[in-house]
Amino acid sequence: MKTHFLRPFTLSLLILVLHSFTTTLAQPVAPPPAPSGPTNVTKILEKASQFTTLIRLLKNNQLDDQINTQLNNSNQGLTIFAPTDNAFAALKPGTLNSLTDQQKVQLIQFHVISSFLSTSQFQTVSNPITTQAGNSNEGQFPLNVTTSGNQVNVSTGVNGATVGNTIYTDNQLAVYQVDKVLLPLAMFGPHTPEKSSGKVADSPISDDHGGNVDDASGAYGLISKHEITIALGFVLVVACIRL
């Protein structure tokens, strides 16, 4: 009788297990997490705070859209040195207002490198670095990186800055905080004086009496001719007399 009782129980248990198993298999597999949206540099800076001036310059000059397009349509990557609001405030009064729209674009582009640089790559990067501002030749837009231990410094030929916190990195975009606005030589360097033609301007030389030597030499020339004329006339008169 005990055996008859166990058989229905065992059968019921088996049915229950099979039902649970088939129910689990029937459940849809959860999809993988949705990929994050396209990289947006202004949102990154807004989240980090203290970059209000940089964000305004990016937006006013449509550089934010340009950078986002480059990030989301290229595998090359970007590195951005982001000056803080305090860095902009430390500029001489009127510095930004004195720049043309094109110069403001170049100033921001001078803070952007068209490749991804990790902190370790600063140790081996070749100077000068070419930025999106253009020519890195001397007197134009050269940017040099030096390291000392874990400290990274950036110099422009006009000023220098220390690379601080890593604001964002994803192996395609690296954004580093800097404590100074990087000022390029082409815009803020000393103006090179125009080269002279190499021709020395003729300047009159005075004689001991304050007269012009050129004028004096001309006078001497005129007197000499006059004397020669008188001498020739005298010789002709003597010759005629003798005849």
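How many of the residues in the chain are buried, as a percentage? I began with this and found that buried residues make up 30% of the 243 residues in the chain, where buried means under 20% relative accessible area with a 1.4 Å probe, protein chains only.

I noted that the model is predicted, that local features need pLDDT of at least 70 and side-chain atom pairs count only at pLDDT 80 or more, while totals for chains, interfaces and linings use all residues. Residues are numbered from 1 along each chain as its sequence is written, and side-chain values use heavy atoms, with hydrogens and water left out.

**Elements.** I looked up the elements and found 8 helices and 6 strands, taken as DSSP runs (helices H or I with at least four residues, strands E with at least two) and numbered from the N terminus. From the N terminus on, I read their order as α-α-α-α-β-α-α-β-β-β-β-β-α-α.

**The sheet.** I followed the strands through an open sheet of 6, in the order β2-β1-β6-β5-β4-β3 and with mixed pairing; two strands pair if DSSP finds at least two bridges between them. At the edges I found β2 (112–113) and β3 (144–148), each of which pairs on one side only.

**Two hairpins.** I then traced β4 (residues 151–155), which is joined to β5 by 4 bridges and runs antiparallel to it, with asparagine 153 opposite threonine 162 in β5. These two strands form a hairpin with 4 residues between them, and glycine 157 in the turn has a positive phi of about 95 degrees.

Threonine 166 stands opposite tyrosine 176 in β6.

**The core.** Which residues touch the most other members of the largest nonpolar core? Of its 48 residues, I found these to be Leu45, Ile67 and Phe81; such a core is a set of buried Ala, Val, Leu, Ile, Met, Phe, Trp, Tyr and Cys residues joined through side-chain atoms within 4.5 Å. I also noted that β6 gives the most to this core, with 5 residues. Leaving out residues up to four places away in sequence, I listed the contacts of leucine 45 as Phe51, Leu54, Ile55, Leu58, Ala82 and Val175, where contact means heavy atoms within 4.5 Å.

Terms used
Buried means under 20% relative accessible area, exposed over 50%, partly exposed in between (1.4 Å probe, protein chains only).
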